[in-house]
Amino acid sequence: MIQPTYPAARLVADVVKAHFARHIGAARAGDSSIVSEAPPPIAIASIIDAAFWASLRREEGQAPKISLAFLSPEEARHPLLFASKLPLVPALLSKVAPAVERPGIHLGVWQTGDDFYVWGTTREVPAFCLVVEVVASGLIVVKHRYEAFGKFVNVAVLEGDQIKIVDESVGRIIPDCPIVVSSLAGAIDHKSPSGVTAVMIQLAASMRHHGRGGALLVVPTGTETWRDSIIAPVLYAVDPPYSELSQLACRKNTDPDDLKRAVDAIAGLTAVDGATIINDRYDLLAFGAKITRRRGNPPVEQVIVTEPVEGSARSVSTPSQLGGTRHLSAAQFVNDQRDAMALVASQDGRFTIFKWSPREEFVHAHRVDALLL
């Protein structure tokens, strides 16, 4: 067996195994039919190691983007099986990457004795299956899902020599923590009435995915006070409010593909200069809106900044230190409209959720980059 040579892979292996063991144990306490086992540290380290070194290679000038799932062929539904087992080595992973880089396709990895091999591909993985994804060169995410068709939850993010372990206790330790942040961190599994992943999480992920940066303002349904913080007239106002996403989110047995298309349509509007505005039922109110300070209100000078990562220090910062104009205007909007929330994506992939904290009487900036990778 080839020993892992990427130091971070060895350092994080025991922590990741403990995470899986804890959650599998908790799940078994409520459902005796669960038979999943926590992946051994050597499997975790070996898969991360192979993924990391593969991410640094190039195939026809392109960096590989792959997802590796640790499960046997027998555990997979409708697996695509290779005629021969392939060794788990970076050179092979980079070669096969173009065939499996589309979202939802995982290379299946299993072991015989001390050796690990790639047996084929699968589109479905069971609950608590270890998944290691190559996001970019040197950027690796370790994740799993609580149920076979649930949302993935990040466990750890490794970038070079930097390791971020997601802190699931954010909902308890951060005052007035938004549900979307707790859910992203895996502290709760918050779902819409249709039984699919929370719409707000999908919107955040879609905003980040288009890569152009953007701001999404979420205001209470039935109120108009948000207009005090928007320059009139709004060039791209929507009247009546566009309600397709709202209707799909509230409908039972909604087709996930239909919901995703509606989410992407709204998230795509955030790429337009200015802010996109929806209410908390997901009705679209406007896009391309310019934020202004509410008359009579002071400018926001400082915000509390936290990141749901173990060992991350809470800090106080100016909004401009978090990013550019989007961050400053979003913080000002939340400071003036204290029952609203602002989601801001940067072009470099950073993502921040601004929310007013009544207990601290401060705008709180929740950095959730590691949760959306």
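Let me start with strands β11 (residues 275–279) and β12, which pair in the antiparallel sense over three bridges, where strands are DSSP runs of E with at least two residues, helices are runs of H or I with at least four, and both are numbered from the N terminus, and where two strands pair if DSSP finds at least two bridges between them. Before I go on, this is a predicted model, in which local features need pLDDT of at least 70 and side-chain atom pairs count only at pLDDT 80 or more, while totals for chains, interfaces and linings use all residues. Residues are numbered from 1 along each chain as its sequence is written, and side-chain values use heavy atoms, with hydrogens and water left out.

Within that pairing, Ile278 has Leu284 of β12 as its bridge partner, and the two strands make a hairpin with four residues between them, where Tyr282 in the turn has a positive phi of about 80 degrees. Strand β10 (residues 236–242) also pairs with β12 in the antiparallel sense, again over three bridges, and here Ala286 in β12 is the bridge partner of Ala237. Strand β12 (residues 284–289) is largely enclosed by the rest of the structure, because six of its six residues are buried, buried being under 20% relative accessible area, exposed over 50% and partly exposed in between, with a 1.4 Å probe and protein chains only.

Turning to the aromatic residues, a search of the whole structure finds seven pairs, counted when ring centres of Phe, Tyr or Trp (its six-membered ring) lie within 6.5 Å, with planes under 30 degrees apart called stacked, over 60 edge-to-face and the rest tilted. Tyr6 and Trp53 are an edge-to-face pair, because their planes stand at 75 degrees, with the ring centres 6.4 Å apart. This pair links distant parts of the chain, since Tyr6 lies in the segment before α1 (7–30) and Trp53 in helix α2 (residues 41–55), 47 residues apart. Tyr6 is buried at 4% relative accessible area, whereas Trp53 is partly exposed at 31%, and Tyr6, Phe52 and Trp53 form one aromatic cluster.

Phe128 and Tyr146 make an edge-to-face pair, at 6.0 Å centre to centre and 85 degrees between the planes; Phe128 is buried at 6% relative accessibility, and Tyr146 is partly exposed at 23%.

Finally, on charges over rings (NZ of Lys or CZ of Arg within 6 Å of the ring centre and within 35 degrees of the ring normal), the charged end of Lys85 sits over the ring of Tyr117, 4.5 Å from its centre, and Arg145 lies over the face of Phe152, at 4.0 Å from the ring centre.
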